[in-house]
Each structure stands twice: as structure tokens, then as C-alpha cells.
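The sequence and the structure are shown first.

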Amino acid sequence: MGGILIYQKDICEDPEMAALFHQLVFASEPEQAGDLLENNDYRMVMIHLEPEEKDGWQVASLVRGMPGYSLTPIVFLAEDRRHERRAFYEYHCYDYLVKPIQQEEIIKVVYPFLIQLWMKERTGKMRVRSEGVTRLIPLCDILYIESINRSVLFHTTKGILTVPYLTLKRCQMEHAGVFVQCHRSFLVNRNYVKRVDYRKKEIELPGCLVEIGSRYEGTVHQEFD
């Protein structure tokens with residue numbers, strides 16, 4: 001997976017964070033966090049330290065005790081600075097933020113790691129099956145993806161490929177760092193976006209324009225502004 005794992009007792013505490021980024025996975029119990037860590041490869045772990053509870057430290061110990069996670073950045077989010085020294089010296093954390101935490105602080109910490117994920121996905125390929133043949137489409141070739149008549153059309157730099165029984169949701173879930181949904185029927189490759197016109201409700205890509213749906217204007221603003 002390669003995303004960011006967030007341990008938080010009350011997952012609904014910061015709903016705005018989920019809206020900011022795609023590659024976030026939440027866990028509310030140490031056992032759940034342990035299972036996710038064992039079965040995935042996370043680039044960062046963020047841990048909410050709740051007052052008078054030890055589960056956050058337990059999750060930090062799980063991270064540092066697992067092979068492959070000894071150098072994974074840990075970010076603690078705490079009520080005050082009384083545990084700051086322990087966080088840095090015992091768990092070698094990447095950062096320690098004190099609540100209330102502004103979105104700008106989260107963005108500053110998380111942004112470099114999201115860029116790494118984006119660059120990794122940018123050089124990847126999408127596996128699809130069309131006409132009985134499995135194909136690997138380089139993500140860097142895809143301008144945008146269109147959903148029509150229970151099929152998905154890949155508009156690429158080399159032509160159009162139709163893949164039946166595929167959904168936009170699956171395409172975006174697998175490559176959320178590359179594609180942005182701007183309409184119920186369209187995903188655009190962020191790497192090819194030349195211009196976003198909110199007045200005309202359209203996105204300019206090389207040689208074509210893609211419509212922005214009213215429902216997705218907020219998402220487009222978040223992704224490109």
C-alpha cells in the first residue's frame with residue numbers, strides 16, 4: 001500500500017484530514033494497527049497520544065519492533081509537551097505536534113511523503129483485461145479515464161482503449177495519487193492538467209477539455225489550488 005497509517009481512538013475526531021489526503025488509513029485499536037502494519041508497507045505512522053492512556057505508546061512500540069519499520073517516520077500528536085522527550089529519545093520520532101493542530105501543520109509534515117507516493121505511482125502501470133488479454137497501461141500514457149455504458153475508456157497519448165466491466169472507483173482507489181475525479185464520469189491524470197477553468201467548469205489537457213461536475217468542484221479546488 002505504501003500510505004500513511006494513523007492511530008486514533010476516535011476516528012471521527014479529525015474528519016478534515018481524510019478529506020485532505022487519499023493515502024490515509026485509520027486504526028482505532030492497537031491490535032488493528034498491528035494487523036495493518038504486518039500486512040502493508042506504510043511510509044509514515046501518525047499516533048494520537050490520548051491523556052492517561054497507554055495504547056498510543058503500544059502502537060509506537062509495535063512500529064519500532066517490526067522488521068522494516070525501524071526507520072519509518074513516526075509523528076506524535078499530543079495534548080501537551082510532557083511526553084516530547086520520550087517520543088524523540090525512546091522512539092526516535094520524526095515530529096511531535098501539540099493539539100489543537102492546524103491543517104497547515106499536518107500538510108507541512110505529510111506533504112513530502114505524499115509526493116514520494118505520487119512519484120512512485122506516476123512511474124507505475126495499470127493492469128486491465130480487455131478482449132481476453134491482460135494489458136499493462138503505463139500511467140504516464142493516460143490523459144484521462146471516462147466511464148460510459150458499463151465500460152471504461154482510457155484516453156491515452158496513443159489512442160483510446162475500451163475496458164468493459166471496470167469502474168472509475170477501482171481505477172482511483174488503486175492510483176489515487178495520479179488520478180483526480182472531476183466529474184461522475186471522468187478521472188483526469190494530474191500530471192497532464194494544463195489549466196483549470198472554474199468559470200467554464202472545464203479542465204484543459206493536451207488536445208482536449210474535460211468537464212468539471214458541480215459535485216466535484218470542491219475536490220478539484222483541493223487537488224489543484
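The text below moves from the whole chain to its nonpolar cores, then to a sheet and a loop residue.

The structure is a predicted model. Its secondary structure comes to seven helices and 15 strands. The chain has 225 residues, and buried residues make up 46% of them. When contacts between residues at least 6 apart in sequence are considered, 48% join residues at least 24 apart. The accessible surface of the chain comes to about 12,400 Å², and carbon and sulfur atoms account for 50% of that area.

**Nonpolar cores**

The largest nonpolar core contains 24 residues. Within this core, Leu 5, Leu 37, Ile 47 and Phe 76 touch the most other members. At least two residues each are supplied by the strands β1 (4-7), β2 (24-27), β3 (44-49) and β4 (74-78), and likewise by the helices α2 (30-39), α3 (55-65) and α4 (84-91). The largest share, four residues, comes from α3. Leaving aside residues up to four places away in sequence, Leu 5 touches Val 25, Ala 27, Ala 33, Leu 36, Leu 37, Tyr 42, Met 44, Val 45 and Met 46. Another core lies apart from the largest one and has 15 residues, including Met 126, Ile 145, Phe 154 and Cys 171.

**A sheet of three strands**

Strands β13, β14 and β15 form an open sheet in the order β13-β14-β15, with antiparallel pairing. The edge strands are β13 and β15, each of which pairs on one side only. On average, neighbouring strands of this sheet are turned by 25° against each other, direction ignored. The strands and their residue ranges are listed here.

| Strand | Residues |
|---|---|
| β13 | residues 195-197 |
| β14 | residues 202-205 |
| β15 | residues 208-211 |

β13 and β14 run antiparallel and are joined by three bridges. Across this pair, Asp 197 stands opposite Glu 202 in β14. In general, the strands of a sheet pair through backbone hydrogen bonds, in either a parallel or an antiparallel manner.

**Arg 215**

The loop between β15 and α7 (217-224) contains Arg 215. Is this residue, Arg 215, buried or exposed? Arg 215 has a relative accessible area of 71% and is therefore exposed, the cut-off for that class being over 50%. Arg 184 lies 31 residues from Arg 215 along the chain, and the C-alpha atoms of the two residues are separated by 8.2 Å.

Key. Residues numbered from 1 in each chain as written. Predicted model: local features only at pLDDT ≥ 70, side-chain atom pairs only at ≥ 80, totals over all residues. Heavy atoms only, no water. Pairing = 2+ DSSP bridges. Axes fitted to C-alpha atoms, helices over the stretch in contact; angles between N-to-C directions. Buried < 20%, exposed > 50% of the residue type's maximum accessible area, 1.4 Å probe, protein only. Core = buried A, V, L, I, M, F, W, Y, C linked by side-chain atoms within 4.5 Å. Contact = heavy atoms within 4.5 Å. Areas by Shrake-Rupley, 256 points an atom, 1.4 Å probe, with all protein chains shown as cover.
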